[in-house]
Amino acid sequence: MQLTSQTLASMAEACLSMQQLKIIHGRALRSNLHHHPIVLAKIFRFAAVSPGGCLRYADLLFSQIYQPNTFFYNILIRGYSKSSTPSRSVRLFNQMRRNSVDTDGFTFTFLVKSRSRMRIHSPSIMASDEIHGAALKFGFCLHLFVMNALIHLYAARGVPASARRVFDETVGADSVSWSGLVAAHVRAGELELARQVFDEMPDRDVVSWTMMVSGYAQAKRPKEALELFMEMRDAGIKPDEVTLVSATSACTSLGDLQMGIEIHHYILENGFGWMVSLCNALIDMYAKCGCIHQAWLLFNSMEIKSLITWNSMISACAKHGNADDAFMVFAHMLDSGTRPDKITFLALLTAYAHKGCVDDGYGLFESMQRDYGIEAEIEHYGCMVDMLGRAGRLEEAYELITGMPIPCNDVVWGALLAACRIHGDVEMGERVLKKLMELRPDKGGYYILLRDIYVAAGQRAEAIEVRRAMDVNGATKTPGWSWVGDEHSPHHSS
């Protein structure tokens, strides 16, 4: 049967995989229709931008097109804008200019997206991108989607001043423009300014609401995150996956189990229960709010488990002192073919520390680096020091710290000092405090720990001397905070 261009174009339009596309391409070649504009466009588009496509195949097709026009350049630029090599889009744009191929608004929209995903180290380019200048030069400053792309470019870089400049130059700014400006301030950590822009928005969509809720949650301002989340629901805006993850995270930070349960019910009632990221956040929330049983129920109900799922459950077991359960989950994780990462091993080391299995912990620490190629970071060393300290093996802990291939911090030395207090080791405590005074002479808690060691050992004169050194160095004790009451208001305690 003789295939027509319309039939081949329809086949390419319905294509689901590269295997199918290659068959269609082969038929187009045999029918001598591979250069037909519509057939070629459909085949090329699938290869370049479809999830099941292949950029290398698209590149090969592109190289065989005689004088490709704006459409083909735009499609390939768009494909590379979503790839691991977005800089290729810029090279294509330069090739367009050399070959005198006309650009259009889509060219710059895809190009700006590529720039937002590229690593730029120059502060001047961060604040004023050359593609921005090219868009103005070619007269696309009146195209709303180009200006919105530029606003989001500067938002992604955390440069709100540049985002504001583009926003002010935008004709007919819409919700996408406003959301980009909110995002720019959030990314720069300017939450008050972000909220000011958010409150001024004429039409707030789910993106802008989510941006603010996530911003508060990530900035460790969970109370404001939940308040805004509830305002969002009252306004009739349906939260999406990102909003719900951020709200659940805020509940975790506050220890607000009741609100967390309400969000869980909302997730189930609105058909979000299958989303792995939400289940992961809920497991973490239930575990940290003390409901390990509910975390287990959720974990066991999940048909698909990501690395984060496994890590969340292992961490939950470890922090609740259920070391054997943590090891069991780890074994199932390996059986599932999921490869552990540094967070997995940190949770397992915590479990060994709680159980007091120092030698097994050492074995895991060495296996992490030897068998999995994961280099130990400061947190792993801190966990090992805590493990050795609990077991009274203080000299080993000291040698581990001094032999670290990475710089140590005061937290790790502080863990060893705390162990000295538990075991009443005055001599080691003195050695550790000398290190801590080099790192954090202003942190009074460490002086107080050594003072307590002296007091417990009956060395009152030395205890008084430590207190004097603390005053001379201007060190202060960090005040404590506790959450009291239904309104989650922080109460200061000293």
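In this predicted model, D410, W413, G414, L416, L417 and C420 of helix α26 meet M428, G429, V432, L433, K435, L436 and L439 of helix α27, where contact means heavy atoms within 4.5 Å. By class, that contact of α26 with α27 comprises nine nonpolar, two polar and two charged residues, with Ala, Val, Leu, Ile, Met, Phe, Trp, Tyr, Cys and Pro counted as nonpolar, Asp, Glu, Lys and Arg as charged, and the others, Gly among them, as polar. Residues are numbered from 1 along each chain as its sequence is written, and side-chain values use heavy atoms, with hydrogens and water left out. Because the model is predicted, local features need pLDDT of at least 70 and side-chain atom pairs count only at pLDDT 80 or more, whereas totals for chains, interfaces and linings use all residues.

**Confidence**

- The protein has a mean pLDDT (the predictor's confidence in each residue, from 0 to 100) of 89, and 94% of its residues reach 70 or more.
- Confidence is highest in helix α13 (residues 191-200), at 97, and lowest in strand β2 (residues 489-493), at a mean of 45; helices (H or I, at least four residues) and strands (E, at least two) are DSSP runs, numbered from the N terminus.
- The pLDDT is below 50 over residues 481-494, a stretch that has 23 contacts in the model beyond near neighbours in sequence.

- Helix α26 (residues 410-423) packs with α27 at an angle of about 155 degrees, their axes being 9 Å apart; axes are lines fitted to C-alpha atoms, for helices over the stretch in contact, and angles run from 0 to 180 degrees between N-to-C directions.
- α26 and α27 are therefore roughly antiparallel to each other, given that angles under 35 degrees count as roughly parallel, over 145 as roughly antiparallel, 65 to 115 as roughly perpendicular and the rest as oblique.
- The axes of α27 (residues 426-439) and α28 (residues 444-456) come within 10 Å and cross at roughly 165 degrees, so this pair is also roughly antiparallel.
- On the α27 side of this contact are V426, G429, E430, L433, L436 and M437, which meet Y446, Y447, L450, I453 and Y454 in α28; by class these are nine nonpolar, one polar and one charged residues.

**Helices α3 and α5**

- The axes of α3 (residues 37-49) and α5 (residues 70-81) come within 8 Å and cross at roughly 15 degrees, and the two helices are therefore roughly parallel to each other.
- L40, A41, F44, R45, A48 and V49 in α3 meet F71, F72, I75, L76, R78 and G79 in α5, a contact with nine nonpolar, one polar and two charged residues.

**Aromatic pairs**

- The structure holds 18 aromatic pairs, defined as rings of Phe, Tyr and Trp (its six-membered ring) whose centres lie within 6.5 Å, with planes under 30 degrees apart counted as stacked, over 60 as edge-to-face and the rest as tilted.
- One of these is the edge-to-face pair of F44 and F72, at 5.4 Å centre to centre and 65 degrees between the planes, which links distant parts of the chain, F44 lying in α3 and F72 in α5, 28 residues apart.
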